Amino acid sequence: MRIVTAQELESWLASGSVLEKDGRGPKVVALENGLFLKIFHTRRHPILARLQPAARRFDKNARHLQRLGIAAPHVVDLFWINRARGLSGCLYRPLPGQSIEQLFNSDPRHVMQMLDSLAHFIRCLHQQGIYFRSLHLGNILCLATGDFGLIDILDLRLKRRPLNKWLIKRNFQHMRIYLKRRRLENFPLDELLRCYERAD
């Protein structure tokens, strides 16, 4: 991976719009050219971070999903921001759509009508051995086509077999915790689970 210059990074941050950040700084920045800059802050030891760059894992997961026919961000560039610290980044084309959380906040009845298709999408992920620990309403997008896609896929893990019951249960437990943290307890998660159990 190339090493991005300080001037290039500063230009991106100065002209772009920060969409997500934490105490360590910007994480996702929308650039003027329509691409998104994603910065992977890491708590891993720099040696491990250099051996397995987060940006490369993100790109690998995105390409695997796309091969399976699942919409995911399209990465166009990978780079080091600070190689000594293991800080990597990428530029990607964002998916055109709205998260389920955004849709639920604006039109809960519309989301209720799509529970069956959403449950089918999640079941297909599990059947294809995709364990996405951060699977929640903010990371599932409803696309203009009516299909679904995934974003923020760094911690996605690819299994050789369909997920077992324990991992499926963990996935939905994480979603329940997310709903509580986001104060979305009125989301019909139990009904989504029933739809999941009925899904083919």
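Reply: Happy to! Helix H6 lies across strands E9 and E10, and H6 runs at about 45° to E10. Lying across rests here on contact, meaning heavy atoms within 4.5 Å. Axes are lines fitted to C-alpha atoms, for helices over the stretch in contact, and angles run from 0 to 180 degrees between N-to-C directions. Helices (H or I, at least four residues) and strands (E, at least two) are DSSP runs, numbered from the N terminus.

Before we go on, a word on the model: it is predicted, local features need pLDDT of at least 70, side-chain atom pairs count only at pLDDT 80 or more, and totals for chains, interfaces and linings use all residues. Residues are numbered from 1 along each chain as its sequence is written, and side-chain values use heavy atoms, with hydrogens and water left out.

Now look at the sheet under the helix. Three strands form this open sheet in the order E7-E9-E10, with antiparallel pairing. Two strands pair if DSSP finds at least two bridges between them. At the edges stand E7 (97–99) and E10 (148–150), each of which pairs on one side only. On average, and ignoring direction, neighbouring strands here are turned by 35° against each other. E9 (residues 140–143) pairs with E10 in the antiparallel sense over three bridges. To find that pairing on screen, look for Cys 142, whose bridge partner in E10 is Phe 148.

Back to the helix, which has a helical partner too. H6 (residues 115–127) packs with H8 (residues 189–198) at an angle of about 60°, their axes being 8 Å apart. That angle makes H6 oblique to H8; angles under 35 degrees count as roughly parallel, over 145 as roughly antiparallel, 65 to 115 as roughly perpendicular and the rest as oblique. The crossing of H6 and H8 is right-handed. A crossing gets that name if the near helix is turned clockwise from the far one by less than a right angle, and is left-handed if anticlockwise.

Which residues make the contact? From H6 come Leu 115, Asp 116, Leu 118, Ala 119, Ile 122, Arg 123 and His 126, while H8 brings Glu 191, Leu 192, Cys 195, Tyr 196 and Arg 198. These contact residues divide into seven nonpolar, one polar and four charged. In this scheme Ala, Val, Leu, Ile, Met, Phe, Trp, Tyr, Cys and Pro count as nonpolar, Asp, Glu, Lys and Arg as charged, and the others, Gly among them, as polar.

The structure holds seven aromatic pairs, and one of them joins Phe 104 and Phe 187 edge-to-face, 5.2 Å centre to centre with 75° between the planes. Phe 104 lies in helix H4 (residues 100–106) and Phe 187 in the loop between H7 (165–181) and H8, so this pair ties together parts that are 83 residues apart in sequence. Rings of Phe, Tyr and Trp (its six-membered ring) pair if their centres lie within 6.5 Å; planes under 30 degrees apart count as stacked, over 60 as edge-to-face and the rest as tilted.

Finally, you can look at another helix over a sheet. H1 (residues 6–15) lies across E1, E2, E3, E4, E5 (74–82) and E6, running at about 120° to E4. The open sheet of six strands has the order E1-E5-E6-E4-E3-E2, with mixed pairing.
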